[in-house]
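Here is a short briefing on a pocket, a nonpolar core and the salt bridges. Please read it beside the model.

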Amino acid sequence: MVPVQVLPEGTTLPSPVVLLVLAIGIAGVVVALRRIAPRVTERVVVAFAPWMVAGSSCYVLYQVEAVPESVAPFFSSPAVYVSIAVLAGAVWAATAATGLSADRWRLPSVPGIVALVGSAVAIAAVGWAFAFGVETRRGLTVAWPAVGLIVAVVLAAVVWSGLQRVAPETRITGGVGALAVFGHTLDGVSTAVGIDVLGFGEQSPISRAIITFAADLPTAPVLGTVWLFILVKLVLAAVVVVLFSGYVRDEPAEGYLLLGAVAAVGLGPGVHNLLLFTIATP
């Protein structure tokens, strides 16, 4: 029997020591958050978007071997996402516990601080990747990743606007719903740029199956091999946002968190693709 691949290529199981450290970290953050019980709002969930960018950027650093061996296991997949989750959760818990707010301390709100710290981590990771790309490749491939980003922004805006007209109940998801649509649009468009333009492959077996199917269709010479994948991503994102609208209305905290997780599944790979294409184009 031929084994069926489920996990994306590059997924590795860290050593027991790394697993123990991550387990202790995530357990500590979960306990702290449960005790503090910070408010979960639309703004809070959107504030974690920079952390999603940071996690994907750190994984790119691991892939191009830009991190020291001593900490490399924490940058591998899926360990890197747990590592970033621990850091982000710790910042959220610490900020909420100390009661930092614009009114009391004349500082940004809790979501603002979470977003600011996450942005700093993301900028550091992306800057590190750019510096490594310039040093090892003597330049960066900016044009096509930039085109992919612009197309994704425009396409996501069109889809989000149309979705709110067709299904007005989706407006309640606010920025989190828009982030979910943009994240999955970016994933689809960046995949098209990587495969049809820059010659990269697809790591996820499910995505690869959809792309392979599209490559055998008569539309491939005109539309490329990834158009069906983009369409599937857009439809799934729209359907999920519609389905979550009622959940967000009835249980805002849980609804926003779960929809934020859906957004991360799209935004993370999309950012990963663009950054990897920029610094490691073959």
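The second largest pocket is lined by 16 residues. Nearest its centre lie F130, L149, V271, L274 and L275. This is a predicted model: local features need pLDDT of at least 70, side-chain atom pairs count only at pLDDT 80 or more, and totals for chains, interfaces and linings use all residues. Residues are numbered from 1 along each chain as its sequence is written, and side-chain values use heavy atoms, leaving out hydrogens and water.

**Pocket**

- A pocket is defined on a 1 Å grid over the protein atoms alone, as an open set of points where a 1.4 Å probe fits, with protein on both sides within 12 Å along at least five of seven lines; lining residues have an atom within 4 Å of a point.
- The volume of the second largest pocket is about 360 Å³. Volume here is the space filled by probe spheres set on the points, with grid points joined across faces, edges and corners.
- Its lining has 15 nonpolar residues, one polar and no charged. Nonpolar covers Ala, Val, Leu, Ile, Met, Phe, Trp, Tyr, Cys and Pro; charged covers Asp, Glu, Lys and Arg; the others, Gly among them, are polar.
- Helices α6 (110–137), α7 (143–166), α8 and α12 (252–280) each supply at least two lining residues. Helices are DSSP runs (H or I, at least four residues), numbered from the N terminus.
- The largest share, five residues, comes from α12.
- Domain 1 (12–135) and domain 2 (139–281) both give residues to the lining, so the pocket lies between them. The bounds come from an automatic or database domain assignment.

**Nonpolar core**

- The largest nonpolar core has 68 residues, and W92 and V114 touch the most other members.
- α12 gives the most to this core, with 11 residues.

**Salt bridges**

- The structure holds two salt bridges (a side-chain nitrogen of Lys or Arg within 4 Å of a carboxyl oxygen of Asp or Glu).
- K233 pairs with D187, the closest N and O atoms being 2.8 Å apart. The pair links distant parts of the chain, 46 residues apart: K233 is in α11 (residues 227–250), D187 in α8 (residues 174–197).
- K233 is buried at 10% relative accessible area, and D187 is buried at 7%. Buried means under 20%, exposed over 50%, partly exposed in between (1.4 Å probe, protein chains only).
- D250 pairs with R249, with closest N and O atoms 3.5 Å apart. D250 is exposed at 53%, and R249 is exposed at 51%.

Conventions: Core = buried A, V, L, I, M, F, W, Y, C linked by side-chain atoms within 4.5 Å.
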